[in-house]
Structure formats: structure tokens, C-alpha cells
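Hi everyone, thanks for having me.

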Amino acid sequence: MITNTSAHKACHPDDVKGLIDFKAGIHSDTSGRLNKWIGQDCCNWPGISCNSTIGRVVEINLPGYYVSGDDESPTFVSSTMSGTISPSISLLTSLKVLHLNKLVGLTGQIPQSIGVLKNLKQLFLSTNQISGAIPECIFTNLTSLRILRLENNHLTGEIPESIGNLQALEKLSLSNNSLTGKIPLSITKLKSISSILLDQNQLVGEIQLPLSPGQWPSIQHLSLANNRLTGVIPTSIGYLTTLSTFSVSYNQLTGPIPSSLGNIKQLQILKVDNNNLSVELSSCICGLTELSVLHISHNKIQGPLPSCVSSFKYLLEKEVDVSFKRTAILPTGHHQL
């Protein structure tokens, strides 16, 4: 149903105006794609896809890194755009995908009018210079969202409790911004979520995890590193049996590494370094045979790593960080703290 071509007929006037206003907000496009937005047949414009049945624009796909040319001789292009996102984006009411990743030069705020786009399933605005708070209407109105990627910007403010409304959300990435406040408890209601990346912000308070099994049945990646989180690693971490990455490095966490961590048999990356974690490392780690990265240095953990770690076939010495100094492999096969 989605096509980049049409029988040379005019697009819906709202779509044309929304796109022309978007183009007007961009004062520099090194790829030259927007220069080809001429006439009324917007379904043939670069980066635009339409649904041939309803005759409306459903995708704006203008990433800063993309593939050009044909299948036999593809060309990889890196480009930038400078400017702001026009509020008229709201005229594209059938839009499902807005992909403006890695354009580097997008500034200003995310327009409040984006909340009108209730069909939106994918919102990519990462690696730009977008500032201000994330409009709450994204969390209250865009309940069809599956992917929300806003990482590598200058976003401020808090993550609202209304994030729990995004029941279809699969991937959430807000990394490397200046977000503050606590992680909302409602994030545990995201039943479709597979990836939560909130690292490199200024978040405070405790880690929020589901309190019963089955609430995040598909979770694979959870990264909360480089924040100001306090409290303990909840024992309910053991309910996340599908997890492959767990990173909480560079926070202010205390207490032990919970033994329930041993339930996560598929865990590949474990990073808890640079906290205030204490007590001996539990032998629960012996069940984590899929580990390829283990970072636990700069804590108050005492004693040697369990000897079982030396038999982990995917764990390379360069990815074992357990001490203030370079990790030593002892003749006995033990890693020494």
C-alpha cells in the first residue's frame, strides 16, 4: 500500500502545505533532497512515501545517513540539515513514520502540534540539537508509537508519568540529554517494551522495575548509566529473564548485587561499575554463562570473582573490569578483585 510513486496526480493539499512548510523551516540541506520538492506530486519527492489507497503521506524519511543509488551500486550518503521542525507537520495526519535522525543541525523544540499525529508509529529525531522539554502530548496522544528515539540532543525537563500510556512502545531511547527528575513508576507498564535507554542524563531517585514477573516480557536492553540514581538494585531484576544488557554504571547505587540476577540466563552485558555497591559478589554470577562484558570495578565489593567465571567462553579479558587496576588473570583461573 505504501509507494514512492504515483500517477503524477496532486497530493492532498494538507500534505503538500505541511511538507512545503517543513522545507521552509530548513535553511540548509547538504543532500539536496529538499530542492527536489517541486510541484504538487509530493508522493514522488525524495524521502516521502504515500499510501496509494488513501492517497496520503505516511512517511517522511530524511535521515542524515542513508543509502542512495540502485540495488546494484548503492551509495552511502552522509548529509546534514539546519533549521527547525515546522509546527505545520501536524497537517500530515496520516503520517506513521517521521525519520530525521542524525541530521546534526536541527534546532529549536519539538513542536507541540506533533500530538495531533495519532497514527505515528515511529519518531526518530536523534543526534540533532533539539532543546526544551519533550512535549507531554507525545506520551498522552501518540499511543500508537512503537519507536521513540530522541537521544543525543539537548532535551531538558522530566519524563512524565504519562509515559505509561504508550502501551505499543517497543524501543525508547532518551540517552545523552539533560533530563532531570525521577524515572516515572509508570514506565513499568510498558508491556511491549524491548529496549529502554536512559543513560547519560541527570535522573535521580531509585531504579524503577516491574514488581512482578511478566510485566516486561520482551525486555532486552536496559541502560541507566551515567545518571544520579540512588538506592539499591531491586531484587525484581531477576524477573527480567529476557534481558541481554543491564547497565547502571556511574550512579550512586548502594547495597549488594542481588542474587536474583542469576535468573537472567541470557545476560550478555553487565555493567555496574562506579557505584557504592558492597558485600561479596554472589555466586549467582555462575549462571550467567553468556556474559561477554563484565564491569564491576570502583565499588566496595570484596573477595575474588567466583572461579566459574574463568570458564565463560564469550568473556574476553579486555571486557572484564573488576578492579581499580588492570584485571589480572591468576594461574588458578580466578579473576582477582
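**Disulfides and aromatic rings**

The structure holds three disulfides. Keep in mind as we go that this is a predicted model.

Let's start with the disulfide that joins C11 to C42, with an S to S distance of 2.2 Å. What do these two cysteines tie together? C11 lies in the loop between β1 (2-3) and α1, while C42 lies in the loop between β2 and β3, so the bond links parts that are 31 residues apart in sequence. Both C11 and C42 are buried. The torsion about their S-S bond is about -120°, so this disulfide is left-handed.

Next along is the disulfide between C43 and C50, at 2.0 Å from S to S. Its torsion is about -100°, so this disulfide is left-handed too. C43 has a relative accessibility of 8% and counts as buried, and C50 is buried with 1%.

Now jump ahead to C286 and C308, which are joined at 2.1 Å from S to S. C286 sits in the loop between β22 (276-277) and β23 (293-295), and C308 in the loop between β23 and β24 (320-321), so this pair connects parts that are 22 residues apart in sequence. Are these two buried or exposed? C286 counts as partly exposed at 28% relative accessibility, whereas C308 is buried at 17%, because the cut-off for buried is under 20%. If you count the bonded cysteines along the chain, the pattern is 1-2, 3-4, 5-6.

On to the rings. A search of the whole structure finds three aromatic pairs. One of them is F22 with W37, a tilted pair with 6.1 Å centre to centre and 35° between the planes. F22 lies in helix α1 (residues 13-25) and W37 in the loop between β2 (26-29) and β3 (48-51), so this pair ties together parts 15 residues apart in sequence. W37 also pairs with W45, and here the rings are stacked, 5.3 Å centre to centre with 15° between the planes. W37 is buried at 2% relative accessibility, and W45 is buried at 3%. F22, W37 and W45 together form one aromatic cluster.

Let's finish on the surface. Y65, V67 and F76 form a nonpolar patch there, with about 350 Å² of accessible area together. F76 belongs to strand β6 (residues 75-78) and is exposed, at 56% relative accessible area.

How values were computed:
Residues are numbered from 1 along each chain as its sequence is written. This is a predicted model: local features need pLDDT of at least 70, side-chain atom pairs count only at pLDDT 80 or more; totals for chains, interfaces and linings use all residues. Side-chain values use heavy atoms; hydrogens and water are left out. Patches are made of residues with over 30% relative accessible area and no salt bridge: like charges are joined within 9 Å, nonpolar side chains (Val, Leu, Ile, Met, Phe, Trp, Tyr) within 5 Å. Accessible areas come from the Shrake-Rupley method with a 1.4 Å probe; for residues, only the protein chains shown count as cover. A salt bridge is a side-chain nitrogen of Lys or Arg within 4 Å of a carboxyl oxygen of Asp or Glu. Helices (H or I, at least four residues) and strands (E, at least two) are DSSP runs, numbered from the N terminus. Buried means under 20% relative accessible area, exposed over 50%, partly exposed in between (1.4 Å probe, protein chains only). Rings of Phe, Tyr and Trp (its six-membered ring) pair if their centres lie within 6.5 Å; planes under 30 degrees apart count as stacked, over 60 as edge-to-face and the rest as tilted. A disulfide is a pair of cysteine sulfur atoms within 2.5 Å.
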